[in-house]
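These are my notebook entries on a single chain. I record what I looked up, entry by entry.

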Amino acid sequence: MRVPIWLLSTFVLLLATFPSGVHAASDNPKLTPLVAEIIAPPHVVPGSDGRLHIVYELAVTNVTGGNVRFEKLEVVEADSGAPLAELGPDELATHVTPGASRGNETRELAAYQFAVIFLHVVLADGAAVPARISTRSRRFSRSSAPT
């Protein structure tokens with residue numbers, strides 16, 4: 001029996017993508033009302049202020065039937081946990097863009113709504129560019145959707 005090359009290629013690709021030794025990061029994952037992914041990877045750019053800036057975009061989806069309000073977002077150096085930036089309520093109100101619709105920034109997401117968070121981290125004078133960064137929503141509040 002001859003196996004079509006496309007089928008064999010697909011099988012090999014799947015084996016390479018999902019090796020048998022892959023396990024979940026945690027046997028007890030913590031469920032959260034938010035799902036996030038980076039949609040524009042971090043880029044380091046020199047600013048007119050002479051400092052380095054890290055810019056990127058994060059897509060966030062509220063997967064619950066209730067509203068979510070962002071209270072605090074942190075950007076940290078992934079390996080050490082050293083803080084690079086912290087956005088409080090005022091900053092979040094100008095960076096969280098529901099439906100990726102510029103001009104409608106708010107720190108609140110309605111039930112099942114998605115938003116893009118535009119992040120701009122200014123590194124301290126003389127600071128090295130971190131190899132990896134992590135974005136954490138440390139505090140948010142939830143309320144039920146209007147009936």
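**Entry 1: Backbone angles in the loops**

I began with Ala100, which at 38% relative accessibility counts as partly exposed; buried means under 20% relative accessible area, exposed over 50%, and partly exposed in between (1.4 Å probe, protein chains only). Ala100 sits in the loop between strand 5 and strand 6. I noted that its phi is positive, about 55°, although Ala100 is not a glycine. Tyr112 also has a positive phi, near 60°, and is a residue other than glycine. I placed Tyr112 in the loop between strand 6 and strand 7. Tyr112 counts as exposed because its relative accessibility is 59%.

**Entry 2: Basis and confidence**

I record that this is a predicted model, in which local features need pLDDT of at least 70, side-chain atom pairs count only at pLDDT 80 or more, and totals for chains, interfaces and linings use all residues. Residues are numbered from 1 along each chain as its sequence is written, and side-chain values use heavy atoms, with hydrogens and water left out.

The pLDDT (the predictor's confidence in each residue, from 0 to 100) has a mean of 78 over the chain, and 73% of the residues reach 70 or more. Over residues 1–25 the pLDDT is below 50, and this stretch has one contact in the model beyond near neighbours in sequence. A contact means heavy atoms within 4.5 Å.

**Entry 3: Overall architecture**

I counted elements as DSSP runs numbered from the N terminus: helices (H or I, at least four residues) and strands (E, at least two). The chain has two helices and eight strands. Their order along the sequence is α-β-β-β-β-α-β-β-β-β. Of the 147 residues, 24% count as buried. Among contacts with a separation of 6 or more, 62% join residues 24 or more positions apart. The chain exposes about 10000 Å², of which carbon and sulfur atoms supply 57%; accessible areas come from the Shrake-Rupley method with a 1.4 Å probe, and for residues only the protein chains shown count as cover.

**Entry 4: The nonpolar core**

Which residues have the most contacts inside the largest nonpolar core? I found Val60, Phe70, Ile117 and Leu119, in a core of 19 residues. Such a core is a set of buried Ala, Val, Leu, Ile, Met, Phe, Trp, Tyr and Cys residues joined through side-chain atoms within 4.5 Å. Strand 2 (52–62), strand 3 (66–77), strand 4 (83–87) and strand 7 (114–122) each give two or more residues to this core. Leaving aside neighbours within four places in sequence, I listed contacts of Val60, among them Leu34, Phe70, Leu109, Phe114 and Ile117.

**Entry 5: Arg107 and its partner**

I then turned to Arg107, in the loop between strand 5 and strand 6. At 19% relative accessibility, Arg107 counts as buried. Its contacts, leaving aside neighbours within four places in sequence, include Val68, Phe70, Glu71, Pro89 and Val96. The C-alpha atoms of Arg107 and Thr94 are separated by 7.6 Å, the two residues being 13 apart along the chain.

Glu71 forms a salt bridge with Arg107, with the closest N and O atoms 3.1 Å apart; a salt bridge is a side-chain nitrogen of Lys or Arg within 4 Å of a carboxyl oxygen of Asp or Glu. Glu71 lies in strand 3 and Arg107 in the loop between strand 5 (96–98) and strand 6 (108–109), so the pair ties together parts 36 residues apart in sequence.

**Entry 6: Further salt bridges**

How many salt bridges does a search of the whole structure find? I recorded nine. One pairs Glu86 with Lys72, the closest N and O atoms being 3.6 Å apart. This pair links distant parts of the chain, with Glu86 in strand 4 and Lys72 in strand 3, 14 residues apart. Glu86 counts as exposed at 51% relative accessibility, whereas Lys72 is buried at 17%. Salt bridges with shared partners join Lys72, Glu74, Glu86 and Arg136 into one network.

I also noted Asp49 with Arg51, whose closest N and O atoms are 3.9 Å apart. Asp49, at 45% relative accessibility, counts as partly exposed, and Arg51, at 28%, counts as partly exposed.
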